[in-house]
Amino acid sequence: MSDGLPARPYRVSVPMKATLLRDLLLLLALAIAPAEKLYANPGKWDVYSVRGIDYVRLDDVWRFYGFAKRTGRPGYVSYGAGDRTVSLRPSKQDFYVNNYRYILSYPVISEGGTLLISTIDMSKLVDPVLRPRLTDSGKITTVVLDPGHGGHDSGAVSPYAREKDCNLALGLKVRRKLESAGFKVVMTRDKDFFLTLGERVAIANRTPNCIFVSLHHNSGSRSASGIETFTLAPHGTTSPFARTRRTEDLAGNHQDSENIALATAVHSHSIKKTGAIDRGIQRARFSVLCTIKRPAILFEGGFVTNPQEGSKISSDRYQDMLAQCICDGIMRYTYNIHNRPVMRQRSGRGSVRVGSMHSGSIPRASTSPSR
Ligand SMILES: [Zn+2]
């Protein structure tokens with residue numbers, strides 16, 4: 001415990017096993033990534049356990065990335081370096097990187113004037129977003145596009161648009177653009193028919209070297225609008241969109257870092273180009289995200305129930321623009337991950353990733369949270 005944090009009610013909680021693993025991974029990370037700029041003393045992260053959740057100090061986070069305080073979003077604490085600015089607020093789960101919105105798994109907490117962020121958010125959101133080149137997807141050659149709903153399942157319906165039709169039209173346009181860019185594309189459906197969620201996941205899980213992009217549109221009040229992108233809630237956290245308070249390790253959690261990096265690339269391109277309201281990159285435990293063994297996102301391209309947006313998302317011109325955004329985001333993601341050698345070491349059921357962003361150089365989220 002150090003620097004201004006009171007001895008109580010905190011308890012520094014670094015289990016021996018975690019410490020050994022961290023040290024081992026730190027050595028490996030240093031050995032294989034000598035060019036990475038590492039915090040001068042990267043092994044010295046103080047981890048604070050508050051009400052069963054592990055946190056680190058944001059001051060240490062800023063130091064690790066070489067960030068300095070700067071002016072950012074009004075009412076937010078902002079730090080950054082170069083063209084990167086990160087903004088957040090005490091007691092809130094809003095988290096912005098370059099003005100793109102994310103929802104943290106746990107609120108930032110302020111104790112005695114010191115801001116703390118959970119180690120889960122640090123390893124599963126902050127670092128894969130700030131350093132996507134260190135994620136480890138292996139080689140990606142194929143995109144599985146999954147236009148949601150179909151057949152008797154229309155999804156959201158309004159006088160302005162029908163979701164299943166918008167999803168399919170968008171998917172077919174994304175396919176054409178991705179194929180022109182050199183990707184192989186597999187569609188879970190290319191016509192108006194019904195598939196179960198399990199069938200959609202099975203298609204992705206038997207397709208090698210792929211990522212999975214499920215395409216949907218939203219429903220809500222007439223005034224609700226904007227784009228949101230979902231990724232699987234990290235292991236050990238709950239999600240406001242989960243039907244149950246499940247926190248177990250799901251198949252989709254083995255791609256936590258890739259999921260958030262893919263979401264970032266697709267979501268940010270879409271918000272920037274369309275100017276739509278940014279509803280954020282959110283966490284969920286939707287069926288298609290839980291059991292998938294590939295990097296996966298569920299993209300919501302707008303609200304069929306909003307008169308203006310509903311008309312827009314069913315227009316050929318807007319669909320074409322949105323399809324280009326999704327294609328550009330996927331290309332950005334694959335560029336980021338292919339531009340750097342990757343190395344993977346597997347041990348038993350769980351995998352230990354070596355040389356990825358959450359190995360050693362930053363505090364690892366506990367794999368067995370006590371809550
Ligand atoms: Zn839907």
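What covers the buried residues of α3?

1. In this predicted model, the cover over the buried residues of α3 includes the strands β3, β7 (94-97), β8 (100-103) and β10, together with the helices α2 and α6. Helix α3 is mostly covered, with 11 of its 12 residues buried; the buried positions are Thr-119, Ile-120, Asp-121, Met-122, Ser-123, Lys-124, Leu-125, Val-126, Asp-127, Pro-128 and Val-129.

2. Ser-123 and Pro-234 are 111 residues apart in sequence, yet their C-alpha atoms are 9.9 Å apart in space.

3. For the chain as a whole, the secondary structure comes to nine helices and 18 strands. Of the 371 residues in the chain, 46% are buried. Among contacts with a separation of 6 or more, 73% are between residues 24 or more positions apart.

4. Helix α2 (residues 58-65) has Leu-58, Asp-60, Val-61 and Phe-64 as its buried residues. These four residues cover an arc of only 155° around the axis, and they therefore sit on the same side of α2. In general, an α-helix has 3.6 residues a turn, so residues three or four places apart point the same way. The partners against which the buried residues of α2 pack are β3 (53-57), β10 (114-118) and α3 (119-130). Following α2 comes Gly-66, a residue with a positive phi near 70°.

5. Val-77, placed in strand β5 (residues 77-81), has 17 other C-beta atoms within 10 Å and is therefore partly exposed. Leaving aside residues up to four places away in sequence, Val-77 touches Ser-87, Leu-88, Arg-89 and Leu-115. With Ser-87, which is 10 residues away along the chain, the C-alpha separation is 5.4 Å.

6. Turning to helix packing, the axes of α4 (residues 163-180) and α9 (residues 316-338) come within 8 Å and cross at roughly 50°, and these two helices are therefore oblique to each other. The crossing in which α4 passes α9 is right-handed. On the α4 side the contact is made by Ala-169, Leu-170, Lys-173, Val-174, Lys-177 and Leu-178, and on the α9 side by Gln-319, Asp-320, Leu-322, Ala-323, Gln-324, Ile-326, Cys-327 and Ile-330. By class, the residues of this contact are nine nonpolar, two polar and three charged.

7. Helix α9 also packs with helix α6 (residues 256-274), at an angle of about 145° and with the axes 8 Å apart; the crossing of α6 and α9 is right-handed. From α6, the residues Ala-261, Leu-262, Ala-265, Val-266, His-269, Ser-270, Lys-273 and Thr-274 take part, and they meet Met-321, Leu-322, Cys-325, Ile-326, Asp-328, Gly-329, Ile-330, Arg-332, Tyr-333 and Asn-336 of α9. The contact of α6 with α9 divides into 10 nonpolar, five polar and three charged residues.

Methods:
Residues numbered from 1 in each chain as written. Predicted model: local features only at pLDDT ≥ 70, side-chain atom pairs only at ≥ 80, totals over all residues. Axes fitted to C-alpha atoms, helices over the stretch in contact; angles between N-to-C directions. Parallel < 35°, antiparallel > 145°, perpendicular 65-115°, else oblique. Left-handed = near helix turned anticlockwise from the far one by under 90°. Contact = placed C-beta atoms within 7 Å. Nonpolar A, V, L, I, M, F, W, Y, C, P; charged D, E, K, R; others polar. Buried ≥ 20, exposed ≤ 12 C-beta atoms within 10 Å, placed from the backbone. Arc of directions from axis to C-beta.
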